[in-house]
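Here is a short note for a first look at this model. Please read the points with the structure open.

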Amino acid sequence: AYARYYEYVAENVRFIEQHGYLRTAITGRIRWFGFHPKPTETANFPVQSGIADAMNVASLRLQSIFPREVVLVAQVHDATIWDTPSDLVPLVKQEIEKIWAEPVHLPKSVVCREARDLMLPCEVKIGDRWSSFG
């Protein structure tokens with residue numbers, strides 16, 4: 001399943017050695033590595049930045065859908081915490097699940113040889129305080 005993984009990482013290292021940076025797969029943000037990248041950071045970047053891009057895009061979409069009373073309190077790595085009035089919890093849960101039920105599109109780019117769609121899992125937890133999320 002990962003036959004090309006090391007070749008892909010080596011290609012990214014060579015690209016960084018020539019250009020000093022890599023772009024994220026979804027939004028195209030640039031991360032500067034310098035011209036002597038660490039292979040471990042290079043290997044990790046497409047995965048971590050891809051998840052971060054997907055979270056950023058989904059969070060912005062959700063903010064535009066939610067009523068003003070629903071506030072994004074925190075976005076930590078691959079999780080968001082929304083402060084939501086009790087009567088709006090079912091709506092917020094439904095919209096989060098709906099957005100995450102859609103595939104995340106990775107366009108063809110330097111980071112991704114072929115355009116592809118992938119599904120990311122979503123787990124919605126509801127609680128009265130942060131410690132409820134475990």
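1. Start with R4. At 27% relative accessibility, R4 is partly exposed, a class between buried (under 20% relative accessible area) and exposed (over 50%), with a 1.4 Å probe and protein chains only. The model is predicted: local features need pLDDT of at least 70, side-chain atom pairs count only at pLDDT 80 or more, and totals for chains, interfaces and linings use all residues. Residues are numbered from 1 along each chain as its sequence is written, and side-chain values use heavy atoms, with hydrogens and water left out.

2. Which side chain does R4 meet in a salt bridge? The partner is E11, at 3.1 Å, N to O. A salt bridge here is a side-chain nitrogen of Lys or Arg within 4 Å of a carboxyl oxygen of Asp or Glu. E11 is partly exposed too, with a relative accessible area of 23%. By this rule the count is nine salt bridges.

3. R31 and E41 also form a salt bridge, at 3.4 Å, N to O. This pair links distant parts of the chain: R31 sits in strand 2 (residues 30–32) and E41 in helix 2, ten residues apart. Helices (H or I, at least four residues) and strands (E, at least two) are DSSP runs, numbered from the N terminus.

4. E95 and K98 pair within helix 3, three residues apart, about one turn of the helix. Their salt bridge spans 3.6 Å, N to O. Buried or partly exposed? E95 counts as buried, at 9% relative accessibility. K98 is partly exposed, with a relative accessible area of 47%.
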